[in-house]
Amino acid sequence: MENEKPLILVSNDDGVMAKGINELVKFLRPLGEIVVMAPDSPRSGSGCALTVTQPVHYQLVRKEVGLTVYKCTGTPTDCIKLARNTVLDRTPDLVVGGINHGDNSATNVHYSGTMGGVIEGCVNGIPSIGFSLCNHEPDAEFEAAGPYIRSIAAMILEKGLPPLTCLNVNFPNTTDIKGIKICEQAKGRWTNEWAACPRLTDPNYFWLAGEFTDHEPENEKNDHWALANGYVAITPTTVDVTAYDFIDELNKWIMDK
């Protein structure tokens with residue numbers, strides 16, 4: 001590996017052959033040496049899941065100057081762990097996830113395999129960024145996101161990120177991006193989450209579906225509003241999920257028992 005260049009470790013949850021990850025590599029290549037370790041097939045919705053019931057296998061897909069691509073039988077989080085511990089000869093300067101086919105705004109961040117890999121990098125003290133586009137189509141158009149991705153990644157390579165903090169970056173599905181907004185995570189929840197698909201002899205089969213309801217649709221600070229209005233939404237995201245504001249109140253409850 002070319003030690004004089006920044007080392008960027010890339011993964012996703014749509015699989016190594018997805019258009020999004022290949023576009024991401026194209027956008028990032030001017031910034032350093034790229035190593036991809038991505039699932040061999042889609043792992044959408046895997047969150048921070050780990051493979052613990054069977055061995056994980058990886059193999060080289062291709063290698064050229066400044067780019068090495070591997071595929072892995074595990075989850076995105078497995079991919080980051082595996083690359084860090086068995087493949088790379090130094091710690092990455094940056095971990096990047098994406099570009100995800102479909103947004104990871106609001107509570108989706110908790111389900112996303114792409115963000116699971118990003119969080120794994122963050123837990124290990126590596127500046128980490130997830131990129132997603134509000135378009136699920138396999139042939140989605142990513143070109144408008146390219147300059148923003150390169151600029152944001154270059155900024156984080158230069159400045160770093162605070163401990164246990166990563167960036168969740170979502171792009172609207174438009175070629176006419178208005179700019180960037182730094183956002184809070186939209187508050188809401190999924191409803192109507194299952195669609196029946198009965199079999200001949202068994203009605204108890206369902207596809208995961210659902211509709212997201214934003215509880216604050218007029219809140220111009222949240223990522224849903226930014227995306228709906230044509231802005232790139234950058235949400236600084238913390239790994240520490242402690243409810244610090246509730247600690248004193250909970251202590252009072254315990255003391256009163």
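Keep in mind that the model is predicted.

**Stop 1: salt bridges**

What joins the side chains of Glu-64 and Arg-29? They meet in a salt bridge, with 2.8 Å from N to O. The two residues come from distant parts of the chain, 35 residues apart. Glu-64 belongs to strand β3 (residues 58–64), while Arg-29 sits in the loop between α1 and β2 (33–39). Glu-64 is partly exposed too, with a relative accessible area of 38%.

Next, select Arg-90 and Glu-33. These two form a salt bridge whose closest N and O atoms are 3.8 Å apart. Is Glu-33 buried or exposed? Glu-33 is buried, because its relative accessible area of 4% falls under the 20% cut-off.

Now go to Glu-143 and Lys-26. Their side chains make a salt bridge at 3.1 Å, N to O. This pair also links distant parts of the chain, 117 residues apart. Glu-143 is in the loop between β6 (128–133) and α5 (146–159), and Lys-26 is in helix α1 (residues 19–28). Both ends are partly exposed: Glu-143 has 42% relative accessibility, and Lys-26 has a relative accessible area of 39%.

Go back to Arg-90 and Glu-33, a salt bridge with its closest N and O atoms 3.8 Å apart. The structure holds 10 salt bridges by the rule used here.

**Stop 2: helix α5**

Colour α5. This helix has 14 residues and spans 20 Å from its first C-alpha to its last, close to the 20 Å expected at 1.5 Å a residue. Which residues of α5 are buried? They are Gly-146, Ile-149, Ile-152, Ala-153 and Ile-156. These residues lie on the same side of α5, because they cover an arc of only 140° around the axis.

The buried residues of α5 pack against α1, β5, β6, β7 (165–171), β8 (179–182) and β13 (231–238). Then turn to the face pointing away from the buried side, which carries the exposed residues Pro-147, Glu-158 and Lys-159. Step just past α5 to Gly-160, where phi is positive, at about 75°.

**Stop 3: aromatic rings**

Show the aromatic side chains. A search of the whole structure finds 6 aromatic pairs. One of them is Tyr-58 with Tyr-70, an edge-to-face pair with 5.4 Å centre to centre and 80° between the planes. Tyr-58 is in strand β3 and Tyr-70 in strand β4 (residues 67–72), so the pair ties together parts 12 residues apart in sequence. Tyr-58 is partly exposed, with a relative accessible area of 30%. Tyr-70 is buried, with a relative accessible area of 15%.

Move on to Phe-246 and Trp-253. Their ring centres are 5.2 Å apart and their planes stand at 80°, so this pair is edge-to-face. Phe-246 is partly exposed at a relative accessible area of 33%, and Trp-253 is partly exposed at 48%. Finish with Phe-131, Tyr-148 and Phe-171, which ring pairs link into a cluster.

**Stop 4: backbone details**

Most residues other than glycine have a negative phi, and most peptide bonds are trans. Where is there a cis peptide bond? One joins Gly-98 and Ile-99, with omega about -15°. Ile-99 is part of strand β5.

Select Leu-164 in the loop between α5 and β7. Leu-164 is not a glycine, and its phi is positive, near 55°. This residue is partly exposed, at 39% relative accessibility.

End at Asn-192, in the loop between β9 (188–191) and β10 (194–196). Asn-192 is another residue with a positive phi, about 50°, although not a glycine. Asn-192 is exposed, with a relative accessible area of 56%.

Notes: Residues are numbered from 1 along each chain as its sequence is written. This is a predicted model: local features need pLDDT of at least 70, side-chain atom pairs count only at pLDDT 80 or more; totals for chains, interfaces and linings use all residues. Side-chain values use heavy atoms; hydrogens and water are left out. A salt bridge is a side-chain nitrogen of Lys or Arg within 4 Å of a carboxyl oxygen of Asp or Glu. Helices (H or I, at least four residues) and strands (E, at least two) are DSSP runs, numbered from the N terminus. Buried means under 20% relative accessible area, exposed over 50%, partly exposed in between (1.4 Å probe, protein chains only). The expected span of a helix is 1.5 Å times one less than its number of residues. The arc is that of the directions from the helix axis to the C-beta atoms. Contact means heavy atoms within 4.5 Å. Rings of Phe, Tyr and Trp (its six-membered ring) pair if their centres lie within 6.5 Å; planes under 30 degrees apart count as stacked, over 60 as edge-to-face and the rest as tilted.
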